Amino acid sequence: MNFDEIIDRKGTHSAKWDMMDKLYNVPADDGIAMWVADMDFRPPACVQGALERMVSHGIYGYYGGDAEYRAAICWWMKERHGWEVDPAAIFTTHGLVNGTALCVDTWTEKGDGVVLFTPVYHAFAKVIKANGRRVVECPMVLESGRYEMDFDAYEDILDGTEKMVILCSPHNPGGRVWSTDELRQVAEFAKKHDLILVSDEIHHDLVMPEAKHTVMANIEGIEDRLVMMTATTKTFNIAGGHSGNVIIPDEKLRADFNAKMMGLGISANSFGIEMAEAAYSPEGAAWVDALVAYIDGNRKVFDAGINAIPGLKSMGLEATYLAWVDFEGTGMSREEFTRRVEEDAKIAANHGPTFGTGGESFLRFNLATPRAYVEQAVERLQRAFADLQ
């Protein structure tokens, strides 16, 4: 659990480090990659051990007999989230972007609207549009430095052609942990407008000490239209395993989704399943607890340094490892503050507009990296905006 260890990922086909020069003009030799949402930490030893046993055996055939894998998921959700999962409700997809696309393809038709509370994770809009559906943006409002949903305003946005709403819980990029009351409001919104509710909870294990996440499945009265999405990939930094779970309480919805999976010939990746089963264990839980404490320290270092720069504001992070920084107070154009971050500070960060309406003045910074990188990033940003201080 040495999260301070600097592991050189350059030249390893890492999208995060090897693509930042091409995409952001930030050179790999002295740039800092703070964009793609994966971590610069090795996963727990139990995951590494599972892979080493596979490699030692040396035969990589089709995976079968997944009862232990399903049991590990059920154990984790009960122990960590107080959520009783029926093993039969679990479907394994090639990650949750794939899971999102399958949901859109299963329960909507071409031209249907899919509701997003924006700004929100950019891949949602990409797969909605790629499937020929319409993105229906319901912009959130900033109240005391945190996002709130304005359901009264959303009544004037929807026109009745919407079939689905996707919730990001906890929220990416704003780091919000939604309260039980807010989740109930989302559930009522979905019922009122007869929407399938897809709750993407991929960050639900990465919650800061002062916050508590509630799974949408524990909100009563929503079971007949609810689709839950979870994964080990963000929690344990194993996104390359391309494994995620779509968990569906309702039997009719399960049948719909199963038919889609069968029709597309989708089966699980054995490497992803082996890693997930190993991760969802007491050893994995201890590693996550240590990880969250480390990220908590990183966000405190980052926020203190960023909020000391006049005109910059890092949104209070309740969950995830993704800092959402508002540059509006600088009075600069988006092009200018982005240029300073990329050219002067040599940091690759996600551009706010890709997250939809409300993201125009923001950049997203990945804090799941050794603290030395976070401290260096703060110093570089303070120099890049030194004229404001």
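Which residue lies over the face of Tyr 294? In this predicted model, that spot goes to Arg 371, at 4.4 Å from the ring centre. Tyr 294 also belongs to an aromatic cluster, along with Phe 3, Phe 41, Trp 75, Trp 76, Phe 236, Tyr 280 and Trp 287.

Aromatic pairs come to 26 by count. Trp 76 is in helix H4 (residues 67–81) and Phe 236 in helix H9 (residues 233–236), so the contact ties together parts that are 160 residues apart in sequence. Trp 76 has 0% relative accessibility and counts as buried, and Phe 236 is likewise buried, at 0%. Phe 327 and Phe 337, on the other hand, are stacked, 4.6 Å centre to centre and with 5° between the planes. Here Phe 327 comes from the loop between strand S12 and helix H13, while Phe 337 is in helix H13 itself, 10 residues apart. Both Phe 327 and Phe 337 are buried.

Now for strand S3 (residues 113–118), where 6 of 6 residues are buried. Gly 113, Val 115 and Phe 117 point one way, and Val 114, Leu 116 and Thr 118 point the other. S3 pairs in the parallel sense with strand S4 (residues 134–139) over 6 bridges, and Gly 113 has Arg 134 as its bridge partner there. To get from S3 to S4, the chain passes through helix H6 (residues 122–130) in a right-handed β-α-β crossover. S3 also pairs in the parallel sense with strand S7 (residues 162–168), over 4 bridges, and in S7 it is Glu 162 that stands opposite Gly 113.

Conventions
Residues numbered from 1 in each chain as written. Predicted model: local features only at pLDDT ≥ 70, side-chain atom pairs only at ≥ 80, totals over all residues. Heavy atoms only, no water. Buried < 20%, exposed > 50% of the residue type's maximum accessible area, 1.4 Å probe, protein only. Helix = DSSP H or I, 4+ residues; strand = E, 2+ residues; numbered from the N terminus. Pairing = 2+ DSSP bridges. Right-handed = clockwise from strand over helix to strand, strands pointing away. Phe/Tyr/Trp six-rings, centres within 6.5 Å; stacked < 30°, edge-to-face > 60°. Lys NZ or Arg CZ within 6 Å of the ring centre and 35° of its normal.
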